[in-house]
Amino acid sequence: MKKSVFTVMLTAMFIVSFASSASAKTVSLPKFLYNTSAEKGQVVSKEVCKQIETGGYQRHLKYDYTYTHQGMPASCKASRWNKQTATWENWYLITYTYDEIVSTATLNYALWNKEGNAFDAPKEMTIYQYSADASLLNYAQYKKETEESHWEVKKLFGISNYFVNQ
């Protein structure tokens, strides 16, 4: 009798252990969920929800996009969710400008300044030069320490005179 009770308990423990490990393997939730809004085929906003310890999701980041008349990106504003105030708080702004004569796209990165209640002057800039078929020819990344300082090169790819003279 003792042997059969022990066997039944051992079998039950094996089944419970197997079932819990099998269910843990089959239930894998994504770490992030995305809610995207589009107008006329272009993404105008994207909300990112992050998985929390309990398995639920909470708001995390939000991106708002604008476009030029030609349908090219004009800006991307990022906001972070503040749990305490239950509001979106501005984080950074990327603005895009294009020069079709030299085939470049310039991205300027500016952080939100709470005291000034505005985005600071850009302190990072990236310039992409591309060919007629939109292949990347050159890439340069610049940074400013202060508004008064000059742009300093951080990274270069396929250097050209255009990038060196910035």
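Buried here means under 20% relative accessible area, exposed means over 50%, and partly exposed covers what lies in between (1.4 Å probe, protein chains only). The model is a predicted one, so local features need pLDDT of at least 70 and side-chain atom pairs count only at pLDDT 80 or more, while totals for chains, interfaces and linings use all residues. Residues are numbered from 1 along each chain as its sequence is written, and side-chain values use heavy atoms, with hydrogens and water left out.

With 21% relative accessibility, Trp-81 counts as partly exposed. It sits in strand β4, which spans residues 73-82; strands (E, at least two residues) and helices (H or I, at least four) are DSSP runs numbered from the N terminus. Leaving aside residues up to four places away in sequence, Trp-81 touches Arg-59, His-60, Ala-86, Thr-87 and Trp-88, a contact being heavy atoms within 4.5 Å. Val-48 is 33 residues from Trp-81 in sequence, and their C-alpha atoms are 9.7 Å apart.

Arg-59, one of the residues that Trp-81 touches, also turns up in a salt bridge with Glu-47, at 2.9 Å from N to O. A salt bridge is taken as a side-chain nitrogen of Lys or Arg within 4 Å of a carboxyl oxygen of Asp or Glu. Because Glu-47 belongs to strand β2 (residues 42-51) and Arg-59 to strand β3 (residues 57-67), this pair ties together parts twelve residues apart in sequence. Glu-47 is buried at 17% relative accessible area, whereas Arg-59 is partly exposed at 39%.

Three salt bridges come out of a search of the whole structure. Another of them joins the side chains of Glu-89 and Lys-114, at 3.9 Å from N to O. This pair links distant parts of the chain, 25 residues apart: Glu-89 is in strand β5 (residues 87-99), and Lys-114 is in the loop between β6 (104-113) and β7 (118-119). Glu-89 is partly exposed at 27%, while Lys-114 counts as exposed at 59%.

Glu-124 and Lys-154 also form a salt bridge, their closest N and O atoms being 3.8 Å apart. Since Glu-124 lies in strand β8 (residues 124-130) and Lys-154 in strand β10 (residues 152-157), the pair ties together parts that are 30 residues apart in sequence. Both residues are partly exposed, Glu-124 at 22% and Lys-154 at 40%.

As for the cysteines, the structure holds zero disulfides, a disulfide being a pair of cysteine sulfur atoms within 2.5 Å. Cys-49 is buried at 17% relative accessible area, and Cys-76 counts as buried at 7%.
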